[in-house]
Amino acid sequence: MKPMKAALYARVSTHDQQTLPLQQKAMRSYVKKRGWVIAQQIKEVGSGAKMRPQREELLKAARRREIDVIVVWRLDRWGRSLADLVTTLKELSDLGIGFVSLTEAIDLTTASGRALAGMLAVFAEFERDILRERVKAGIAQAREQGKPHGRPRTAAKQARSEDRRSAAA
C-alpha cells in the first residue's frame, strides 16, 4: 500500500509574522508520524480577505488527485470565513481528499473527523439561514417605514431622473 501524499499549507497574514517555521515544523512532524510523504509544501503571506493564489493552486492539485491529504496548522490559516471553510472542506471531501488541522485536532481522514465536518456544514447553513432572515426582516421594516432599500442608484441614473422631473415641471 502506497503512503498518502500530503500537501502542507502554511500561511501568515503579514511578512513580519514569524510563525511560518513553527507551522511547517509541526506539520512535517505530524506527517512523518503518520507515515505519509510530503508531496507539496506551500508557504503563503497574505491577509484573509485577499486572494490566495498558492491555496488556489493547491486546490487545483487536489482536483487533479495529485495529493491525498492537506495538512494545515490551524483552520484560520486555511479558511477565509466559515462559509469558505465549509465549502472547501466539502469539496475536498467530495473529491476524497483528506484534511487535517493540527491545532484543532480535526482529521477528516477518519470517520469521527468526517462527522465533525458534517456538523460544521449544518452550522454554516444555519448561519446563512439566519442572515437571510435578518435581511428579509430589514427590507420589510424599510418598506414599512417608506425608506429606500436595495442597491443605491448610480450617479448617472440619479441625474437622468432629476432631469426628467425638471423637464416635467
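Are arginine 55 and aspartate 84 buried or exposed? Both residues are buried (under 20% relative accessible area; exposed means over 50%, partly exposed in between, with a 1.4 Å probe and protein chains only). The model is predicted, so local features need pLDDT of at least 70 and side-chain atom pairs count only at pLDDT 80 or more, while totals for chains, interfaces and linings use all residues. Residues are numbered from 1 along each chain as its sequence is written, and side-chain values use heavy atoms, with hydrogens and water left out.

The protein has six helices and five strands. These are DSSP runs, numbered from the N terminus (helices: H or I, at least four residues; strands: E, at least two). From the N terminus on, their order is β-α-β-α-β-α-α-β-β-α-α.

The C-alpha trace spans about 80 × 35 × 30 Å along its principal axes. The radius of gyration, taken over C-alpha atoms, is 23 Å. A compact globule of 169 residues would have a value near 15 Å, by the rule of 2.2 Å times the number of residues to the power 0.38. Buried residues make up 30% of the 169 residues. Contacts (heavy atoms within 4.5 Å) were also examined by sequence separation. Among those between residues at least 6 apart in sequence, 69% join residues at least 24 apart.

Side chains of opposite charge can pair when their charged atoms come close. The structure holds 10 salt bridges (a side-chain nitrogen of Lys or Arg within 4 Å of a carboxyl oxygen of Asp or Glu). One of them joins the side chains of arginine 55 and aspartate 84, at 3.0 Å from N to O. Arginine 55 lies in helix H2 (residues 53-63) and aspartate 84 in helix H4 (residues 82-95), so the pair ties together parts that are 29 residues apart in sequence. Arg55 and Asp84 also belong to a network of salt bridges that includes Glu56.

Helix H4 also holds lysine 90 and aspartate 94. These two residues are four apart, about one turn of the helix. They form a salt bridge, with the closest N and O atoms 3.0 Å apart. Both lysine 90 and aspartate 94 are exposed.

A further salt bridge links the side chains of glutamate 66 and arginine 64, at 2.7 Å from N to O. Glutamate 66 is partly exposed, at 35% relative accessibility. Arginine 64 is partly exposed too, with a relative accessible area of 47%.
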